[in-house]
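Please read this briefing alongside the sequence and the 3D view that follow.

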Amino acid sequence: MKALAFLILLTVALPMVRPAIAQDPPAKTYQPGFWQPVTRFNAEQPVEVIIQNNTDIQIEYDITELESTNPTSLPAGQTGRLQGFGNSAVIVIYSLVDSSSDFTLRFDVTVDEAKNLVNVSVLKEKPTFFGHRAVNLQKTGAVFVY
């Protein structure tokens, strides 16, 4: 009998419960991590990407899409440039050397806002994590590194 009374109370009382009104979180809610963009560019203007090979090995890079060009080789210490691809791209950057246990690649990404230029510095490090393999420029202007 008590269970039936409780069920009737819930059936009658629940429609009267008002939903909580959501509030905007404070502006200081950014928490670093892979789910946050590392930087942003202006997606309303043409964007260019500079890839600086700051390693002692040769690397290759390419844009991953169906009509992509062939990968471009970039010797140690050299700089490459990508332009004319629109305002979004996934750029893969990888070593031609088997790096399974010796090193990983890490990308430091900055943006020159005045020129809308995304700078990717490729560094060689001890394998403390899986390493970076791609730079994702999204149509919103967000830049992610994977």
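Of the 146 residues in the protein, 33% are buried, where buried means under 20% relative accessible area, exposed means over 50% and partly exposed lies in between, with a 1.4 Å probe and protein chains only. This is a predicted model, in which local features need pLDDT of at least 70 and side-chain atom pairs count only at pLDDT 80 or more, while totals for chains, interfaces and linings use all residues. Residues are numbered from 1 along each chain as its sequence is written, and side-chain values use heavy atoms, with hydrogens and water left out.

**Fold and surface**
- The protein has 1 helix and 10 strands, taken as DSSP runs numbered from the N terminus, with at least four residues (H or I) for a helix and at least two (E) for a strand.
- Read from the N terminus, the order of the elements is α-β-β-β-β-β-β-β-β-β-β.
- Of the contacts (heavy atoms within 4.5 Å) between residues at least 6 apart in sequence, 62% join residues at least 24 apart.

**Confidence**
- The average pLDDT (the predictor's confidence in each residue, from 0 to 100) is 82 for the protein, and 72% of the residues score at least 70.
- Confidence is lowest in helix H1 (residues 2-13), at a mean of 61, and highest in strand S2 (residues 48-53), at 97.
- Where pLDDT is low, the predicted coordinates should not be read in detail.

**Thr 39**
- Thr 39 lies in strand S1 (residues 39-40) and is buried, with a relative accessible area of 18%.
- Setting aside neighbours within four places in sequence, Thr 39 is in contact with Val 109, Val 111, Gly 141, Ala 142 and Val 143.
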